[in-house]
Amino acid sequence: MRHVPALVKRELSSYFLRPMAYFVLLGFQVIAMLDYFQLVELLSEPRAVLSFSGQLNPMNYYVAGSWMFWVALLIAVPALTMRLIAEERRTGTIEGLMTVPVTEAEVVLGKWLAGVVMYLALLVPFAIYLPFLKQVGGYELDPEPLISLAIGLTTMGMMFMSIGVAFSAATRNQVEAAVGTFVVLLALLLITVVNQVVGPRPGWAEAVSFLSVYVQLSEFASGRLDLRVVALHLSVTVFALFVAIKVLEARRES
């Protein structure tokens, strides 16, 4: 795995050679700012203060409950991962990369880690505004929801980026990779609708709801760190990366 750091550096450099990375970063900065001002406005309402002193937490509104955040994430992840391997295969540079003493696992891990770093960079604007909540909104943040939300966002991002890498490895077409990633992520987000459709919750509906990233992130934002969810994210991550590695190995042998 000694080539992984060099591959991560190579991918991060290639990200910033294209305007897309700057547009995505700017988009998340704007969304973080809008979400922050909406939260400050909400905190100024007496009813909201009563709600937050009970079961709810501001982080449910700032990140987990923000439709702008979810829409941006559904667009950003496919945009950041679609070219990671698909573009290399389309241009033929993957063959040159594989002639170097680099294994398929190192290539996949290097590209995935670069994607995770970019994903975490997208979240930085949301963290920057948090210290101002006490000054402007007059709200003292509880560290427990912040820690659990940070862990949840990180493991969810690792899972999302691994899914994108798997689709990018499976095709030469960047659009196909982006569409496949988008569809899977959208399904993981909207699967929570099942509970609303079926009415009273049977056992299978509860199990389906457990897979919803919206429900998962809401729980994290409330300070409830469910290790089962963390294990699920990590398991999917390992499986998707394994699939990507096996696809590259099969392509090399064919």
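Residues are numbered from 1 along each chain as its sequence is written, and side-chain values use heavy atoms, with hydrogens and water left out. Because the model is predicted, local features need pLDDT of at least 70 and side-chain atom pairs count only at pLDDT 80 or more, while totals for chains, interfaces and linings use all residues.

Start with the rings. The whole structure holds 8 aromatic pairs (rings of Phe, Tyr and Trp, the last by its six-membered ring, with centres within 6.5 Å; planes under 30 degrees apart are stacked, over 60 edge-to-face, the rest tilted). Select F16 and Y22: this pair is edge-to-face, at 5.5 Å centre to centre and 70° between the planes. F16 is partly exposed at 34% relative accessible area, and Y22 is partly exposed at 46% (buried is under 20%, exposed over 50%, partly exposed in between; 1.4 Å probe, protein chains only).

Next select F69 and W70, an edge-to-face pair with centres 5.5 Å apart and 70° between the planes. F69 and W70 are both buried.

Finish at F220, in helix 14, residues 213–221 (helices are DSSP runs of H or I, at least four residues, numbered from the N terminus). F220 is buried, at 1% relative accessibility. Show its contacts (heavy atoms within 4.5 Å): leaving out residues up to four places away in sequence, F220 touches residues including P145, L149, V229 and H233. I151 lies 69 residues from F220 along the chain, with 8.1 Å between their C-alpha atoms.

Definitions and conventions
Helix = DSSP H or I, 4+ residues; strand = E, 2+ residues; numbered from the N terminus.
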